[in-house]
Amino acid sequence: MAELASRERNRLVVFALGTFHAAVLIVALVLVLYATGALTSLLSGLSTIAGLALFSALWLTTVWSTHRTLRGALTATLRTLPVGTIIERAAWNGGVNGVAFLAFLGLILAISSALNGALGIVAFGALVFATLGAVAAFLLGLVFGLLFVAIDMALITATRAILDDKKSRP
Amino acid sequence: MPALHALSLFVRWAHVAGMAAILGGALLVWWLSLPRNRANDGMVVHVAERYEWIFWAAIGLQVMTGVGNLGAFGDALPASASGWGTKLIVKLVAVLALAVVSVPRTLVVVTMAGEERPRPGLLSALYGGTTAIVVGIAGLAVWLSHG
């Protein structure tokens, strides 16, 4: 029973951190694009359904990637694995996340283009996605993986400080 | 009603419903953790743990539907230099801040539940703070929706 509850709590941590990564990435991106005036043209080229599907895909792959990074790393007492292991996992899984999201992106755009009758674009797009796109997505995902593991570690340190604060003790 | 119009309406409804869940839940946990309410401490942590699932699901939904709402403006989206644009930028920064401060809150709740040592004072401070930020964001959202 206690083990079940502990597993449930670990699932909550994975879901929270995965959602945090996906949400912060998109909000920060929207903020930068809006401030630079590039948001309108980007959004006007994207249908509502495609936009919802893209964020769902990013959310799903990021929670999955966080799950792979945090396996056995966090317990209820916030004990973590060695920092080097976590950074290594975050970099690799970030890269894999980038490629997984690219696959979803390709699929969603291919369906959207196929529905518009542009099958030639789908074939050419698949070729680009499968080669250059995969490498670029892996590198981009790796960078974001490293960035978010640094933020997560800072937030875990802040959590420990809150819990260790004598004033907060019962 | 055209299908796209119905979808746009659904996206707006989901955005408002998500905000209601975030605000209502934070308010409930804050209220339960106040000393004068004498709620069972273990029960408050259990409610807080359930709320964290709802909170993060709703945050994902808010981001998803929020971008959808911006997309619905099309070419009529006001420029970032306008008064409306400034309010939107402040709202987006506040959403980022809410997400950042919510990670330690979730981790604190998970740790408390694991150690079975509730700290009502800490919960009250964390959920009071969350409620204050969410009220600020909701105020900005109402202000934005009225131009």
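**Close-up views of a predicted two-chain model**

View 1. Helix 3 of chain B is followed by B:Glu116, a residue whose phi is positive, near 55°. The model is predicted, and it scores ipTM 0.92 and pTM 0.91. Helix 3 of chain B covers residues 83-115, which makes 33 residues, and from its first C-alpha to its last it reaches 48 Å, close to the 48 Å expected at 1.5 Å a residue. Within this helix a kink of about 25° lies at B:Ser102, shortly before the proline B:Pro104. In chain B, the mean confidence is highest in helix 3, at 94, and lowest in helix 1 (residues 3-33), at 91.

View 2. B:Ser80 lies in the loop between helix 2 (41-73) and helix 3 of chain B. Because 17 other C-beta atoms lie within 10 Å, B:Ser80 counts as partly exposed. When its neighbours within four places in sequence are left aside, B:Ser80 is in contact with A:Tyr34, A:Ala35 and A:Gly37 of chain A, as well as with B:Gly85 and B:Ile89 of chain B.

View 3. B:Pro120 is found in helix 4 of chain B, a helix of residues 120-145. Since 18 other C-beta atoms lie within 10 Å, B:Pro120 is partly exposed. In sequence B:Pro120 and B:Pro35 are 85 residues apart, whereas in space they are 7.5 Å apart, C-alpha to C-alpha. Leaving aside neighbours within four places in sequence, the contacts of B:Pro120 are with B:Ser33, B:Pro35, B:Asp41 and B:Val44.

**View 4. Chain B as the setting for the views above.** Chain B has four helices and zero strands, and from the N terminus on its elements run α-α-α-α. Its C-alpha atoms fill a box of roughly 55 × 35 × 25 Å, taken along the principal axes. Buried residues make up 41% of the 147 residues in chain B, and among its contacts with a separation of 6 or more, residues 24 or more positions apart account for 82%. The mean pLDDT of chain B is 91, and 96% of its residues reach 70 or more.

View 5. Chain A has five helices and zero strands, with elements that run α-α-α-α-α from the N terminus on. Along its principal axes the C-alpha trace of chain A spans about 65 × 30 × 30 Å, and buried residues make up 31% of its 170 residues. Among contacts in chain A between residues at least 6 apart in sequence, 79% join residues at least 24 apart. Helix 3 of chain A has 23 residues and reaches 33 Å from its first C-alpha to its last, close to the 33 Å expected at 1.5 Å a residue. The buried residues of this helix include A:Phe55, A:Leu58, A:Trp59 and A:Val63, and among them are also A:Thr61, A:Thr62 and A:Ser65. After helix 3 of chain A comes A:Gly72, whose phi is positive, near 75°.

**View 6. The contact between chain A and chain B.** The contact takes 42 residues from chain A and 40 residues from chain B. On the side of chain A that touches chain B, helix 1 (2-35), helix 2 (39-44), helix 3 (48-70) and helix 5 (119-164) of chain A each supply at least two residues. Helix 1 of chain A gives the largest share of that side, 19 residues. Sorted by class, the side of chain A that touches chain B has 30 nonpolar, ten polar and two charged residues.

**View 7. The largest nonpolar core and one of its residues.** The largest nonpolar core has 65 residues, and those with the most contacts inside it are A:Val13, A:Ala16, A:Ala23 and B:Val29. The largest share of this core, 13 residues, comes from helix 1 of chain A. Not counting residues up to four places away in sequence, A:Ala23 touches B:Ile59, B:Gly60, B:Val63 and B:Ala99. In soluble globular proteins, nonpolar side chains tend to be buried together.

Technical notes. Residues are numbered from 1 along each chain as its sequence is written. Chains are lettered from A and ligands numbered from 1 in the order in which they are written. This is a predicted model: local features need pLDDT of at least 70, side-chain atom pairs count only at pLDDT 80 or more; totals for chains, interfaces and linings use all residues. Two residues are in contact if their C-beta atoms, placed from the backbone, lie within 7 Å. Ala, Val, Leu, Ile, Met, Phe, Trp, Tyr, Cys and Pro count as nonpolar, Asp, Glu, Lys and Arg as charged, and the others, Gly among them, as polar. A residue is buried if 20 or more other C-beta atoms lie within 10 Å of its own, exposed if 12 or fewer, and partly exposed in between; C-beta atoms are placed from the backbone. A nonpolar core is a set of buried Ala, Val, Leu, Ile, Met, Phe, Trp, Tyr and Cys residues joined through C-beta atoms within 7 Å. The expected span of a helix is 1.5 Å times one less than its number of residues. The bend at a residue is the angle between axes fitted to the seven residues ending there and the seven starting there. pLDDT is the predictor's confidence in each residue, from 0 to 100.
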